Amino acid sequence: MFSHDKMILAGILTFGLLAAPALAFDFGRPATPAEIKLWDIDVGPDGKGLPDGSGTAVQGKQIFADNCAACHGDNGQGGIKDRLAGGQGTLASNMPVKTVGSFWPYATTLFDYIHRAMPYPTPGSLSTDETYAVTAYILSLNGIVPADGKVDKESLPKIRMPNRDGFVPQPEFDPAKLFRRK
Amino acid sequence: MTSKTSSERSPRSADVSRRGFVGGLSAGLVGVAASEVARAETLADVPDRAPGADLSAHSERSRFAKLDRIPEATPGKRNIDPSDAINSKTPHQKLVGNITPTDLHYERSHSGVPDIDPAQHRLLVHGMVQKPLVFSVEDLKRMPSVTRIVFIECTGNGWENWKKADPDLTVQNTHGLVSTNEWTGVPLKFLIDLVAKDKGSTWMLAEGGDGAGVDRSIPLTEEIVNEAFIAYGQNGEPLRPAHGFPMRLVMPGFEGNLNIKWLRRLKFGNAPWMTRWETARYTQLLANGKAMQFQLRMETNSVITQPSGTMQIQPGYNRISGLAWSGHGKIAKVEISTDGARTWKQAQLAQPVLSKAQVRFQMDWDWDGKPTRIVSRSTDEQGNVQPDRQSFIAAMGTNALFHYNAQQTWSIDETGRVRNVLA
């Protein structure tokens, strides 16, 4: 597309040239492990990225009442914003109700999303333990963990969500097949 | 808006009636256009020339041109308080050409528009790489750049019509979640080379610096690695805050949500992260209750913007015009039917037709004054044809919410009123 690109590229790939024209390191600066840790918040479905700590549904009930119920309703239902519980068995109906319990395929996503985005007005304001607790509480509202259940980085990826098998990949970008060749 | 204006327009030549029609195109301007026609009936009525306003640092639209986006929420949730809105739609019924004015580019966000000082913004690129790096906006601006005109489309575009068609919708309501701008930035490939990505990395997480930290997993296919870029420029100026200032990902042809705004992190890995936006949102619920996931490409699409919903037309000469686009590449042809999809005629395309950009189409039409339905269908260079409503719904059901690209039909009654219908 443009010629400098290839020049610089060649410079980077050929170690011998790295120091010479100094093109590559003119851009940006190395990221330190400490600052990467600060921003590296994503959690995968295998649990990779989940922090140490834990929380129970019992603890989560109070945290939810204080921080979440104003928008999501007392039991994750009937609030002014997204419904978080119920809806199981509605997905093939004419009025599907998509919630954490009826639709979400991974419990890890729930921790990740609350951690990055909720509570809506002050994302990031809950501690790790509080985030685990409120995650456990929302799962308990959906009958996925018991009312006295506890979650942490070991247990969360092992939870089998009710709609885990409810997704079919569009063939062009099916993760299971996409990069198989070669 | 839909009141009959024929009495105000009565005596006129063929020329004037054409102007009346053009005025009628902009639903909000009907009154203005009609009175202008009346006031300038002879050249003697045209106001005298006079010195105008002082020059200014920033030019505004004419006070006679009323162009606004409209904030809306999910299907059926219109005319709402902006604080409850989740998107803001482009007024295609009032626009001409291919490029959307910057301030009218559609907008969708998940936690509002952050107010970011570019001096304090950083992009972290890390994960499966040899050299994790941090970039400032200035760093990006010093790098080799690409400039490209592309459409960006929210996967919710068209979602008003999944289950039923409200007859009083404008094309802004039905199709206002797609826009075309020129974007300038650094090829993703360039950053991939700088950080020396591992060969084994096949997926990339892109994350925004908004309150929600919106993040999506992006497969590193050859097409995406070659075409994606990190933009800092929009129609020649810095990005507008609503569109990701100071930097965003641009993914030509792919779901709007993948074009992460306020970009602050790219992480390389080897499997998708299954973020909320690729599981709970932006997956398409099919009739059998299963949801289609990773339907990342935007489909072959088109819509007639003039005449369109809530407009009023007159018998005789009419010019049909609209926009067509495809995430697969260039639009090859657009056909228009003025008899409810029975017969089709090929429309003219505005040249040059660009890959993954909206293109304006047009066709002359002599309306006999009888009730009818008009509809467009596009075909792209890969041979993908925009589906008719019936076969589209047969494949996707009516619960999918996202990725609606069925042909849009407008009905016209004997009074010339244009309405939104399913087919």
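User: How are helices and strands defined and numbered here?
Analyst: Helices (H or I, at least four residues) and strands (E, at least two) are DSSP runs. The model is predicted: local features need pLDDT of at least 70, side-chain atom pairs count only at pLDDT 80 or more, and totals for chains, interfaces and linings use all residues. Residues are numbered from 1 along each chain as its sequence is written, chains are lettered from A in the order in which they are written, and side-chain values use heavy atoms, with hydrogens and water left out. Helices and strands are numbered from the N terminus.

User: Where in chain B does Asn161(B) lie, and is Asn161(B) buried or exposed?
Analyst: Asn161(B) is in the loop between β6 (146-153) and α4 (171-175) of chain B. Buried means under 20% relative accessible area, exposed over 50%, and partly exposed in between, with a 1.4 Å probe and protein chains only. Because its relative accessibility is 1%, Asn161(B) counts as buried.

User: How far apart in space are Asn161(B) and Arg389(B)?
Analyst: Contact means heavy atoms within 4.5 Å, and Asn161(B) touches residues including Arg389(B), Tyr404(B) and Asn420(B), not counting residues up to four places away in sequence. Asn161(B) and Arg389(B) are 228 residues apart in sequence. In space, C-alpha to C-alpha, they are separated by 9.9 Å.

User: What is the area buried between chain B and chain A?
Analyst: The contact takes 65 residues from chain B and 54 residues from chain A. Buried area is the accessible area (1.4 Å probe) that two parts lose on being put together, summed over both. Carbon and sulfur atoms give 62% of a total of about 5100 Å².

User: Which residue of chain A forms a salt bridge with Lys267(B)?
Analyst: A salt bridge is a side-chain nitrogen of Lys or Arg within 4 Å of a carboxyl oxygen of Asp or Glu. By this rule, 10 salt bridges cross the interface of chain B and chain A. For Lys267(B), the closest N and O atoms are 2.7 Å apart, and the partner is Asp40(A).

User: Which residue stands opposite Gln293(B) in β15(B)?
Analyst: Two strands pair if DSSP finds at least two bridges between them. Strand β4 (residues 167-169) of chain A and β15(B) pair in the parallel sense over three bridges. The residue opposite Gln293(B) is Pro169(A).
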